[in-house]
Amino acid sequence: MLPLNAALFLSAILFAIGTAGVVVRRNAIILFMCIELMLNAANLAFVALSPYAGIDGQVIVFFVIAVAAAEAAVGLAIIIAVFRHAESVDIRNFSLLRW
Amino acid sequence: MLSQILFYFFAGVAIVSALMTVTRRNPVASALWLVGTFFALAAIYTLLGAFFIGIIQILVYAGAIMVLFLFVIMLLNLGNDFEPDFRGTVWKVMAAGSALVLLALLVRVVGGTESLLVATGGVDLVAAQVAEYGVVGAIGVPMFLDYVVPLQVTGLLLLVAVVGAVVLAKRDV
Amino acid sequence: MILRVQQTAETVVAEAQAGAFEPILLGLIVLLPLIGFAINGVAAILAARTAERRRWSSSSHHGGSEGEADEYSNETHSVMDAEPTGVVPWTHRLPSLVAPGVMLLAFALAVANLFGMMGVELEEPIVRTYWSWIPVGELQVEAALQLDQLSLLMTLVVTGVGALIHLFSVGYMSHDPGYPRYMAYLNLFVFFMLVLVLGASFPVMFVGWEGVGLCSYLLIGFWFSEKANADAGKKAFIVNRIGDFGFLIAMLLIFVDLGALGYVEVFERAPQLDYAGPVVTAICLFLFLGAVGKSAQIPLYVWLPDAMAGPTPVSALIHAATMVTAGVYLVVRASTLFAMAPAASLLVALVGAVTALFAATIGLKQWDIKKVLAYSTISQLGFMFAAVGMGAYVAGVFHLMTHAFFKACLFLGSGAVIHALHEAMHATHSHADAQDMRNMGGLRRYLPITFATMAIATLAIAGVAPFAGFFSKDEIVGAAWIGSAGELPLSQASLFGVGGGTWMGMIAILLSIAAFLTAFYMGRLMLYTFFGPNRTGEAERQHLHEVGWTMSVPLIVLAVMSTIGGFFNVDSLVPIVNLFSPFAFGGDAALHNWLHPVIIGAEEVWASNTAAIPEVHHASWPILLAILVGVAGLVLAAVVLKPQLLGTPEETPAYEGNLEKVLYNKWYVDELYQRIVVRPVWGLSRAFYSVVDRGTIDGIIDGVLGRGAMLLGLSAGRVQTGQVNTYAFIIIVGVIVVLGSIVVM
């Protein structure tokens with residue numbers, strides 16, 4: 001058995017790195033990738049806990065992967081649509097919905 | 001012992017790759033480093049006994065999703081490092097600071113979990129399931145019995161995503 | 001809880017003592033008019049709907065509805081406006097049966113109860129509790145009715161005179177488009193009036209008190225499409241609020257000081273208070289304030305003359321016979337309390353006497369026949385208050401009863417006159433004022449029954465023997481003379497440092513002058529209305545004719561009661577009056593004996609708190625004086641006034657000389673109130689509007705709070721940059737806060 005705490009700590013580190021990326025980057029595609037990173041961090045926590053809490057954790061990870069795939073497909077389609085409009089994927093072009 | 005060494009090795013790879021993902025200016029480089037993270041995570045899943053999830057991780061994430069990302073990057077011709085991508089220093093410091101605070105809090109929250117679980121028995125539930133149903137069956141049985149409705153809803157969601165992606169990306173609707 | 005147990009125990013005792021007598025369908029007496037109200041109310045709603053629909057369809061078909069009957073037309077047009085179709089709809093036929101029907105049934109039940117009660121010597125009131133109305137801690141108010149001699153007498157007057165006036169209304173109002181609505185209001189009024197007189201506690205009485213006020217408002221403003229009528233209704237309502245405030249305060253004081261509100265408990269505990277102390281005096285003064293508002297005494301009488309804007313039967317029922325006497329009833333009901341407060345009692349008597357004289361002077365110079373009767377009513381109510389204030393409670397109730405007869409007769413007679421003139425003027429499309437006596441004259445040839453009945457009622461109100469008013473008014477004035485001789489308990493009291501005997505001597509003089517003026521202005525009314533040449537107009541004269549049986553029968557009945565009503569209380573101890581003893585109903589001084597159990601509480605209070613009263617000595621000169629003033633007033637009117645010289649309003653000015661001007665303008669009291677009350681209130685309201693509301697409150701809301709919210713919104717809006725990174729950062733900060741709080745806790 002691997003150390004549980006080590007896996008959970010790894011999950012926390014990856015999640016924190018993902019958040020930092022989301023805050024600091026402006027490229028929409030890289031923002032998406034940071035979000036994927038955070039999703040994976042959560043997945044890791046599920047998997048690490050599943051031996052103790054039951055197989056359900058792994059089932060949920062499966063769903064998360066499926067939803068992430070759907071999200072990536074739609075999100076990238078949106079980025080393409082915006083790129084056609086603004087010739088850029090800079091997140092500052094996406095600020096028209098404020099106020 | 002070997003599995004422990006392998007775990008720490010892949011954990012190190014995952015952390016380094018994640019950091020490189022966040023810090024690379026070129027989106028193509030970021031994407032490839034992220035693929036590295038996913039591979040390392042797949043290995044860790046396998047080490048944790050989640051063989052099916054490990055395979056899916058490589059197939060879906062590293063294979064399908066990241067290929068999609070790279071495809072879009074190439075399509076939009078973003079594979080350069082000229083664009084001003086990072087926010088200013090103030091935001092960098094705030095991002096790092098908030099990430100560290102969050103990390104500290106998360107470590108503090110999950111830190112006590114192991115002793116708690118070990119104290120309540122620490123029996124490997126997954127191993128028993130795998131022994132009974134096999135690697136795929138251990139996940140498949142609950143998925144098609146207990147989680148059949150969420151499974152169908154997820155399928156519907158994927159269908160909607162496919163249609164939505166086509167509609168959004170089409171040039172003339 | 002303790003109170004409640006006590007109360008129940010007392011009720012049981014009361015019922016045990018009542019012995020053989022069981023009230024017959026007591027609740028149904030009250031309920032019958034309410035049923036009538038429900039039926040007529042439904043008819044009224046349906047009639048209004050039909051009228052609305054007809055107006056719609058006719059205006060769309062004919063492009064205008066000039067000749068249509070207006071649902072809310074005023075008296076000038078309504079009386080003769082027949083239904084356009086010629087067929088009377090069921091909504092106008094049903095109330096003619098229902099409204100007088102329920103009243104007759106209620107009267108029959110009251111009479112049945114009267115016979116039942118006459119058979120037994122009832123010492124304690126009978127209280128019927130129906131349900132617990134306000135059970136809050138120590139405050140236990142039951143929805144209960146109380147039947148005793150006084151409430152039964154009032155019930156008889158209300159249902160009896162009420163039934164006659166309902167019958168009269170059938171003839172008077174049945175052509176009015178709002179007829180079902182009118183009958184519904186009238187039934188509702190009787191319901192509330194019965195609640196008022198039959199209620200077993202002050203709060204139940206207050207329900208009736210407010211209810212009759214509401215119905216009074218609704219009926220004064222019955223033809224509300226005329227602004228003056230609607231304003232008169234509002235005036236009555238608002239002026240009555242002042243009195244109701246007094247009643248409420250009095251109730252609260254009674255509860256605080258005596259711990260109960262039911263009559264039985266209150267009057268049992270009332271002697272525990274200090275005799276003539278500030279508490280009981282305050283209670284009585286506040287009760288009297290309520291009575292002043294409802295019974296139109298100085299200074300709150302101003303609403304009653306304006307209330308003549310309502311239909312005439314309403315004036316007869318509400319503003320002469322029943323509702324306005326509620327104040328007198330209240331004082332008699334609370335006689336134990338008033339006996340405890342001699343100074344307050346004397347004030348009641350004084351206010352009553354001054355009102356009697358004051359209103360009588362105004363009545364001298366009014367031209368509107370109903371206004372004369374309105375001031376006459378105020379004046380006669382003053383007589384009643386003078387009586388009950390001097391402790392002559394039975395005399396007050398006696399006058400209340402006889403006044404109900406002759407004043408209802410007078411009002412209904414004036415209604416018949418107005419009705420006849422209306423029809424005549426309507427037939428010739430004249431627009432003269434049907435209520436102005438200068439347009440009348442010589443009507444005795446055209447309205448013989450009305451003339452005869454009104455003449456009897458006039459003799460009664462003038463105090464000519466042996467008509468009803470002679471006995472009751474004589475008893476009041478006689479009581480004042482007796483009091484001035486120191487032979488009443490209140491003679492020993494004092495008010496403003498002046499002895500009660502002196503006050504009562506002044507009251508006797510005031511009342512005698514008022515009685516003289518009463519005879520004079522009533523003689524004037526009769527002369528100008530029924531004698532001399534007719535001034536209505538050549539063409540109109542052809543259309544003058546006597547009213548139908550529904551209107552003449554009540555007049556005749558009331559005239560008969562005005563004639564014999566005085567024989568209910570013939571005291572054989574009083575000289576001259578005792579000549580009529582052979583005709584007395586129910587034995588010697590029947591009403592005194594009948595009402596004795598009701599006022600025994602007051603007599604016990606006097607017996608224990610005042611020195612022994614010398615034997616009452618009835619002299620014969622006050623009686624002779626009373627007869628003299630009555631006859632003299634009538635004779636003077638006949639001698640001085642020349643109806644044959646009077647002209648129409650165009651020819652005759654309303655007043656000549658300064659005194660007549662002042663009297664015609666009612667001593668300018670309305671103008672005075674306008675100056676000292678209405679205008680300051682308006683000014684204050686405007687000041688509050690501009691300074692407090694617009695300046696302060698709106699200033700704070702708009703300037704500080706509104707601007708602050710706007711600035712806050714604008715500055716908080718800055719956070720919403722549109723930068724997704726920033727949003728993500730804020731989310732992360734939120735996550736840190738939540739996680740941090742978990743960790744810390």
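These legends describe close-up views of a predicted model.

**View 1. The complex and its confidence scores.** The predictor assigns the complex an ipTM of 0.91. The pTM is 0.70. For chain C, the pLDDT averages 85. In that chain, 93% of the residues score at least 70.

**View 2. Chain A, built from three helices and zero strands.** From the N terminus on, its elements run α-α-α. Chain A has 99 residues, and 68% of them are buried. Now look at contacts in chain A with a separation of 6 or more. Residues 24 or more positions apart account for 56% of these contacts.

**View 3. The interface of chain C and chain A.** Chain C brings 12 residues to the contact, and chain A brings 13 residues. Together the two chains bury about 950 Å². Carbon and sulfur atoms carry 58% of that area. Three residues stand out on the chain C side: Q720(C), Q723(C) and N725(C). They supply 45% of the area that chain C buries against chain A, more than any other three residues.

**View 4. Polar contacts and residue classes at the interface.** Two residue pairs are in polar contact across the interface of chain C and chain A, both at pLDDT 80 or more. The count of salt bridges between the two chains is zero. Helix 27 of chain C, residues 724-744, gives the largest share of the side that touches chain A. That share is six residues. By class, this side of chain C has five nonpolar, six polar and one charged residues.

**View 5. V417(C), a buried residue in a helix of chain C.** V417(C) lies in helix 17, which covers residues 393-427 of chain C. V417(C) counts as buried because its relative accessibility is 0%, and the cut-off for buried is under 20%. Which residues does V417(C) contact, leaving aside its neighbours within four places in sequence? The contacts are M440(C), L443(C), L447(C), T450(C), T529(C) and F530(C). F451(C) is 34 residues from V417(C) along the chain. The C-alpha atoms of V417(C) and F451(C) are separated by 9.1 Å.

Technical notes. Residues numbered from 1 in each chain as written. Chains lettered and ligands numbered in written order. Predicted model: local features only at pLDDT ≥ 70, side-chain atom pairs only at ≥ 80, totals over all residues. Heavy atoms only, no water. Contact = heavy atoms within 4.5 Å. Buried area = accessible area lost by both parts, 1.4 Å probe. Salt bridge = Lys/Arg side-chain N within 4 Å of Asp/Glu carboxyl O. Polar contact = N/O pair within 3.5 Å; in protein donor to acceptor, adjacent residues only side chain to side chain. Helix = DSSP H or I, 4+ residues; strand = E, 2+ residues; numbered from the N terminus. Nonpolar A, V, L, I, M, F, W, Y, C, P; charged D, E, K, R; others polar. pLDDT = per-residue confidence, 0-100. Buried < 20%, exposed > 50% of the residue type's maximum accessible area, 1.4 Å probe, protein only.
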